[in-house]
Amino acid sequence: MNQLPTTYVRRYLDDRRGNFSLMFAGATVALLLAAGVAVDFSRAVSNQSTARNAMDAAILATARQLSLGNITADQAYDFLKTYLEGTLDDEVGPGREYQIVNFSIDPVAEKISADLKSDMPLTFMTLAGLRSKTITSGSTAVYGVDETEVVMTFDVTGSMKGSKIADLRRAAASGIDELLSGAAENSGKLRIGIVPYAEGVNTGPLYETVFVETKDSSGPPPKDTDPIAASAAADNCSTERKGSGQFTDDSPRVGKVNRDFRLAACPAAPLMPLTTDKEALKTAVGNMTEGGGTGGHIGIQWAWYLISPKWADYMPAGSAPAAYGADVRKFAIIMTDGEFNVAYEGVPKNDSQYNQAKKSMAKARKLCTNMKKKGIKIFTIGFALSERNARQLMKDCASPDTQDMTYFHEASGGNELKKVYSDIATSIKQLRLVR
């Protein structure tokens with residue numbers, strides 16, 4: 001009689017069937033808490049990404065306004081705040097979701113920095129005693145101008161006659177204005193050179209680097225130290241280099257640049273070495289006239305010389321190119337309205353320099369390739385191009401596009417050409433996020 005209750009008691013104490021329910025309940029709470037934490041974490045990551053993108057855009061916009069001279073350092077904070085409010089669709093300041101902290105301007109390094117702080121309310125993590133998470137996103141941008149050298153080559157051949165040369169003059173002047181505006185105008189850090197080209201290039205102040213051939217000349221040109229009594233041509237013009245240095249930026253100490261005896265026409269407008277003189281540059285492009293065939297590779301060759309440190313000793317005062325390297329940015333802007341079709345080197349003496357498209361374009365490609373190997377960035381512009389080969393050459397000569405930079409451009413008319421030069425100028429002067 002006494003054993004029956006004892007048995008039931010033991011069965012009850014030994015029964016484990018309810019443990020699953022208890023374990024399931026506990027696991028469910030843990031899973032829900034984990035899911036909640038994941039939701040809060042995801043929101044935090046999203047908010048931080050939003051804040052970072054907004055701050056990056058605002059810092060760059062503020063730096064650009066400083067660079068252009070549209071705002072002063074004293075006005076920079078208010079501009080940054082207003083820009084952020086427009087981007088975030090929310091007010092920024094004490095007591096608001098977003099606050100600007102650690103704002104600073106370094107006038108020596110020409111940098112602007114700021115952090116954007118936000119306190120994001122948490123939902124599920126309040127169970128762990130955390131009611132909010134502070135998110136901080138910072139950005140720093142350079143608003144000054146890097147040491148920059150830009151050479152603009154211009155097609156002034158016969159096909160540019162009429163409205164096209166007028167469009168080019170206006171567009172080029174606008175591009176020069178844009179490049180030498182704002183912080184770049186008086187800093188002396190951005191210099192521009194120009195190279196008008198047709199069947200040859202008028203070398204202007206660099207005429208002594210040219211070897212004037214006679215009909216009996218053959219072989220590579222002499223060095224500038226060789227005792228050759230060859231006077232400069234009256235038009236100061238040059239064709240392409242001959243010999244082993246034709247696809248290099250070798251100094252005239254290695255070999256002068258040839259003036260082939262077959263040259264029939266030379267651009268009236270001379271090249272201009274690197275300068276910060278905006279008005280002199282605009283006057284020079286305003287005086288460009290058209291005529292002759294298209295020896296485009298000769299223009300590219302001289303563009304390289306104007307920014308090559310190997311030519312520094314031959315340049316006028318203030319025009320010497322800096323050394324290749326990370327401390328200076330070098331750009332060439334190559335413009336044409338048609339197929340390159342004039343060449344001299346490699347063309348037999350008794351043959352015409354005209355109808356040499358295959359040679360001229362091949363030489364241009366080699367020059368562009370070797371310039372890019374030196375770290376020179378090349379923009380190309382096709383103006384009202386109709387030849388497929390010319391368009392492909394401009395694409396091949398251009399530097400590869402990046403996420404932030406487009407190097408090959410086309411324009412069908414004057415207004416488009418002006419916009420292209422403006423876009424390229426903006427790209428060259430683009431501001432850089434440091435952090």
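A residue counts as buried when its relative accessible area is under 20%. Keep that cut-off in mind, because a residue under 20% is called buried all through this tour. The model is a predicted one.

Start with helix H7, residues 296-306. Its buried residues are Gly 296, His 297, Ile 298, Gly 299, Ile 300, Gln 301, Trp 302, Ala 303, Trp 304, Tyr 305 and Leu 306. That is eleven of the eleven residues of H7, so the helix is largely enclosed by the rest of the structure.

Now step back to the whole chain. It has 435 residues, and 46% of them count as buried. Its secondary structure comes to ten helices and 14 strands. The chain exposes about 21200 Å². Carbon and sulfur atoms supply 52% of that area. Next, take the contacts between residues at least 6 apart in sequence. Of these, 74% join residues at least 24 apart.

Helix H9 covers residues 388-397. Which of its residues are buried? They are Ala 390, Leu 393, Met 394 and Cys 397. Seen down the axis of H9, these buried residues fall within an arc of 100 degrees, so they line one face of the helix. An α-helix has 3.6 residues a turn, so residues three or four places apart point the same way.

What covers the buried residues of H9? The cover includes two helices, H7 and H8 (357-373). It also includes strands E11 (329-336), E12 (377-383) and E13 (408-411).

Look at H8 against H9. Their axes come within 9 Å and cross at roughly 15 degrees. An angle under 35 degrees counts as roughly parallel, so H8 is roughly parallel to H9. The crossing is right-handed. On the H8 side, the residues that meet H9 are Met 361, Ala 364, Arg 365, Cys 368 and Lys 372. On the H9 side they are Asn 389, Gln 392, Leu 393, Asp 396 and Cys 397. Leu 393 and Cys 397 are also among the buried residues of H9.

Strand E12 holds Ile 378. At 0% relative accessibility, Ile 378 counts as buried. Beyond its neighbours within four places in sequence, Ile 378 is in contact with Ala 332, Ile 334, Cys 368, Met 371, Lys 372, Cys 397, Ala 398, Ser 399 and Tyr 407. Cys 368 and Lys 372 turned up already, on the H8 side of the meeting with H9. The C-alpha atoms of Ile 378 and Met 394 are separated by 9.9 Å. These two residues are 16 apart along the chain.

Move on to helix H4, residues 163-179. It packs with two other helices, H10 and H6. Take H10 (residues 414-428) to begin with. The axes of H4 and H10 come within 8 Å and cross at roughly 20 degrees. That makes H4 roughly parallel to H10. Their crossing is right-handed. H4 brings Asp 167, Leu 168, Ala 171, Ala 172, Ser 174, Gly 175, Glu 178 and Leu 179 to the contact. H10 brings Gly 414, Leu 417, Lys 418, Tyr 421, Ser 422, Ala 425, Thr 426 and Ile 428.

Then comes H6, residues 278-286. H4 and H6 pack at an angle of about 170 degrees, with their axes 9 Å apart. So H4 is roughly antiparallel to H6. H4 passes H6 in a right-handed crossing. Arg 169, Ala 172, Ala 173, Ile 176 and Asp 177 of H4 meet Lys 278, Leu 281, Lys 282, Val 285 and Gly 286 of H6. Ala 172 is also named in the contact with H10.

In the loop between strand E4 (148-155) and H4 sits Val 156. Is Val 156 buried or exposed? At 1% relative accessibility, it counts as buried. Leaving aside neighbours within four places in sequence, its contacts include Ile 165, Tyr 197, Pro 267 and Met 288. Val 156 and Pro 267 are 111 residues apart along the chain, yet their C-alpha atoms are separated by 7.4 Å.

Finish with two backbone angles. Asn 102 is in strand E1 (residues 98-106). Its phi is near 55 degrees, a positive value in a residue other than glycine. At 57% relative accessibility, Asn 102 counts as exposed. Glu 110 is in the loop between E1 and strand E2 (111-121). The phi of Glu 110 is near 55 degrees. Glu 110 is partly exposed, with a relative accessible area of 23%.

Terms used
Residues numbered from 1 in each chain as written. Predicted model: local features only at pLDDT ≥ 70, side-chain atom pairs only at ≥ 80, totals over all residues. Heavy atoms only, no water. Buried < 20%, exposed > 50% of the residue type's maximum accessible area, 1.4 Å probe, protein only. Helix = DSSP H or I, 4+ residues; strand = E, 2+ residues; numbered from the N terminus. Arc of directions from axis to C-beta. Contact = heavy atoms within 4.5 Å. Areas by Shrake-Rupley, 256 points an atom, 1.4 Å probe, with all protein chains shown as cover. Axes fitted to C-alpha atoms, helices over the stretch in contact; angles between N-to-C directions. Parallel < 35°, antiparallel > 145°, perpendicular 65-115°, else oblique. Left-handed = near helix turned anticlockwise from the far one by under 90°.
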